[in-house]
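Could you walk me through this structure, stop by stop? I have it open in my viewer and would like to know what to select next and what I will find there.

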Amino acid sequence: MIARLRGTLVEASYTEALVECAGVGYNVNIPLCTFEKLPLPGKEVILQTLLIVREDDMSLYGFATKKELQIFRLLNTVNGIGAKTALNILSSLNIPVFCQAILSGDIKSLKKINGVGPKSAERMIVELRDKI
C-alpha cells in the first residue's frame, strides 16, 4: 500500500495533483482542503495517501494532514458513501464544521453537499456520531 508520497509537485487542480517521486509521476485525487495547502509547482510536497483497489480501478487519494485522511477513512465506512462523495464532503465542509454537523445531527448542512441526500445524511449521522 502507498501510505505517503514525498516528492515534487508537478501540477495541481482543485481535484488532482501530479507528484513526481524518484522519476515516477503519481496522479493523486485530492479534496479542496488539501489543494489549498499545496505548495507551488516545482516545490516539495508530502501527502498522506490511501490506495483504493477495486476490480476495474486503482485510485490514489492524497491528503495534506493525517486528520483529513482519518475523516476520509471514516466516511468510507458509511454504507453508500464512496470515495468521490467522501472527497466532496471534505471539499465542502472543513473538518470542525463537518464533525459538529455530525454530532449535532445537522441534516440540513450535510444535504447541501453535492452527492449527499437526506438518507445519506441521516446514515452518516447515525454511523459516525459515536466514532467522531
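**A tour of the chain**

Start by selecting Lys-37: with a relative accessible area of 48%, Lys-37 is partly exposed. Keep in mind as you look around that this is a predicted model. If you colour by confidence, the chain averages a pLDDT of 95, and 100% of the residues score at least 70. Confidence is lowest in H5, with a mean of 93, and highest in strand S2 (residues 16-21), at 98.

**Stop 1**

Glu-68 belongs to helix H2, while Lys-37 sits in the loop between helix H1 (32-35) and S4, so the pair ties together parts that are 31 residues apart in sequence. Is Glu-68 buried or exposed? Glu-68 is buried, as its relative accessible area is 1%.

The count for this model comes to 2 salt bridges. For the other, select Arg-6 and Glu-44, whose side chains meet at 3.0 Å, N to O. This pair links distant parts of the chain: Arg-6 is in strand S1 (residues 4-12) and Glu-44 in strand S4 (residues 44-54), 38 residues apart. Arg-6 counts as exposed, at 52% relative accessibility. Side chains of opposite charge can pair when their charged atoms come close.

**Stop 2: Thr-49**

Move along strand S4 to Thr-49. At 1% relative accessibility, Thr-49 counts as buried. Now show what surrounds Thr-49: beyond its neighbours within four places in sequence, its contacts include Ile-2, Leu-5, Leu-60, Tyr-61 and Leu-69. Arg-4 is also in contact with Thr-49, and the backbone nitrogen of Arg-4 lies 3.2 Å from a polar atom of the Thr-49 side chain.

**Stop 3: helix H4**

Next, select residues 95-104, which make up helix H4. Which residues of H4 are buried? They are Ile-95, Phe-98, Cys-99, Ala-101 and Ile-102. Because they cover an arc of only 160° around the axis, they lie on the same side of H4. An α-helix has 3.6 residues a turn, so residues three or four places apart point the same way.

Then look at both ends of H4. At its start, a side-chain oxygen of Asn-94 comes within 3.0 Å of the backbone nitrogen of Val-97. Just after H4, Gly-105 takes a positive phi of about 70°.

**Stop 4: the nonpolar cores**

Finish with the largest nonpolar core, which has 30 residues. Select Phe-72, Leu-75, Phe-98, Leu-110 and Met-124, the members that touch the most others. S4, strand S5 (57-63), H2, H3, H4 and H6 each supply at least two residues of this core. Zoom in on Leu-110: setting aside neighbours within four places in sequence, its contacts include Leu-93, Phe-98, Val-116, Met-124 and Ile-125.

Apart from this core lies another, of 11 residues, among them Leu-9, Ala-17, Ile-30 and Leu-38. In soluble globular proteins, nonpolar side chains tend to be buried together.

Conventions
Residues numbered from 1 in each chain as written. Predicted model: local features only at pLDDT ≥ 70, side-chain atom pairs only at ≥ 80, totals over all residues. Heavy atoms only, no water. Buried < 20%, exposed > 50% of the residue type's maximum accessible area, 1.4 Å probe, protein only. Helix = DSSP H or I, 4+ residues; strand = E, 2+ residues; numbered from the N terminus. Arc of directions from axis to C-beta. Polar contact = N/O pair within 3.5 Å; in protein donor to acceptor, adjacent residues only side chain to side chain. pLDDT = per-residue confidence, 0-100. Salt bridge = Lys/Arg side-chain N within 4 Å of Asp/Glu carboxyl O. Core = buried A, V, L, I, M, F, W, Y, C linked by side-chain atoms within 4.5 Å. Contact = heavy atoms within 4.5 Å.
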